[in-house]
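Subject: Structure handover

Dear colleague,

Please find the structure below, for you to take over. My notes on it follow.

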Amino acid sequence: MKRALSRALLRLMGWTIGSTEGVDLPKCVICAAPHTSNWDFVIGKLFYNSIGCNAQFLIKKEWFFFPFNLFFGWLGGVPVDRSKRTSVTDQMVERYQSNARFQLAVTPEGTRKRTEEWKKGFYFIALKANVPILIGCFDYAKKVVGMKGIFYPTGDVEGDIAKIRAMYRGVTACHPENFVQV
């Protein structure tokens with residue numbers, strides 16, 4: 001029911017499903033880009049639901065109070081406690097270690113506004129948890145949502161981030177002026 005409804009909504013909005021390579025990985029970090037609109041979240045959730053998967057996403061723990069905790073938990077929200085002594089990276093690595101299946105979607109820009117540099121948290125989570133990075137994208141020009149491939153972090157942070165960003169060449173954001181191509 002959830003799959004069929006999600007597919008129907010995507011079709012109704014004019015979107016098609018692209019590659020689903022890697023979505024069957026039990027553990028991965030999903031690099032979800034470009035992120036320039038709140039619609040990215042909606043389209044991403046519909047895509048993942050339509051293929052029968054459920055990715056988690058980070059959300060401030062302050063949003064997890066009744067009744068919002070029920071809603072965000074249902075959507076796949078993972079509360080992040082920034083007051084803990086452990087870093088968000090360590091908190092997520094702990095989740096990977098304690099779950100047989102855990103897919104975490106992260107927007108590397110960290111904002112919908114234009115930013116020259118990506119935040120590297122998604123990369124460090126994947127590196128420390130020893131999981132691959134699934135390259136997910138929303139191409140508004142082609143109206144295609146899907147995966148661009150699987151990337152295995154090597155530890156060469158700057159080199160790896162440059163390679164990941166290059167995988168988004170030719171992808172058009174909802175607000176192209178806010179997505180910095182490399």
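Lys143 sits in the loop that links β6 to β7; helices (H or I, at least four residues) and strands (E, at least two) are DSSP runs, numbered from the N terminus. Lys143 has a positive phi of about 55° although it is not a glycine. With a relative accessible area of 30%, Lys143 is partly exposed; buried means under 20% relative accessible area, exposed over 50%, and partly exposed in between, with a 1.4 Å probe and protein chains only.

This is a predicted model, in which local features need pLDDT of at least 70 and side-chain atom pairs count only at pLDDT 80 or more, while totals for chains, interfaces and linings use all residues. Residues are numbered from 1 along each chain as its sequence is written, and side-chain values use heavy atoms, with hydrogens and water left out.

Other backbone features

Asn130 is another non-glycine residue with a positive phi, of about 60°. Its place is the loop between α5 and β6, and Asn130 is exposed, at a relative accessible area of 71%.

There are cis peptide bonds to report as well. One runs from Ala33 to Pro34, with omega near -10°; Pro34 is in the loop between β2 and α2. Another joins Phe66 and Pro67, with omega about 0°. Pro67 belongs to the loop between β3 (56–60) and α3 (68–75).

Nonpolar cores

A nonpolar core here is a set of buried Ala, Val, Leu, Ile, Met, Phe, Trp, Tyr and Cys residues joined through side-chain atoms within 4.5 Å. The largest has 28 residues, of which Phe122, Ile133, Ile164 and Tyr168 touch the most other members. At least two residues of this core come from each of β2 (27–33), α4 (88–98), β5 (102–106), α5 (121–129), β6 (133–139) and α6 (157–166). The biggest contribution is that of α5, with five residues. A second, separate core has 19 residues, including Val23, Cys28, Ile51 and Val145.

Contact means heavy atoms within 4.5 Å. Leaving aside residues up to four places away in sequence, Tyr168 touches Cys31, Ala32, Ala33, Pro34, Trp118, Ile135, Gly136, Cys137, Phe179 and Gln181.

Helix α6

The buried residues of α6 include Val157, Asp160, Ile161, Ile164 and Arg165. They lie on the same side of α6, because they cover an arc of only 135° around the axis; the arc is that of the directions from the helix axis to the C-beta atoms. Glu158 and Lys163, on the other side of α6, are exposed. The cover over the buried residues of α6 includes β2, α5, β6 and β7 (144–151).

Helix pairs

Axes are lines fitted to C-alpha atoms, for helices over the stretch in contact, and angles run from 0 to 180 degrees between N-to-C directions. Angles under 35 degrees count as roughly parallel, over 145 as roughly antiparallel, 65 to 115 as roughly perpendicular and the rest as oblique. A crossing is left-handed if the near helix is turned anticlockwise from the far one by less than a right angle, and right-handed if clockwise.

- α5 and α6 pack at an angle of about 115°, their axes 11 Å apart, and are therefore roughly perpendicular to each other. The crossing is right-handed. Phe122, Tyr123 and Phe124 of α5 make the contact with Val157, Asp160, Ile161 and Ile164 of α6.
- α4 and α5 pack at about 45° with axes 9 Å apart, and are therefore oblique. α4 passes α5 in a right-handed crossing. Thr89, Asp90, Met92, Val93 and Tyr96 of α4 meet Phe124, Ile125, Lys128 and Ala129 of α5.
- α1 (2–12) and α2 (39–50) pack at about 135°, with their axes 7 Å apart, which makes α1 oblique to α2. Their crossing is left-handed.

In the last pair, Ile43 lies in α2 and counts as buried, at 2% relative accessibility. Its C-alpha atom is 7.3 Å from that of Leu10, 33 residues apart along the chain. Not counting residues up to four places away in sequence, Ile43 touches Leu10, Met13, Trp15, Phe138, Tyr140 and Val145.

Regards
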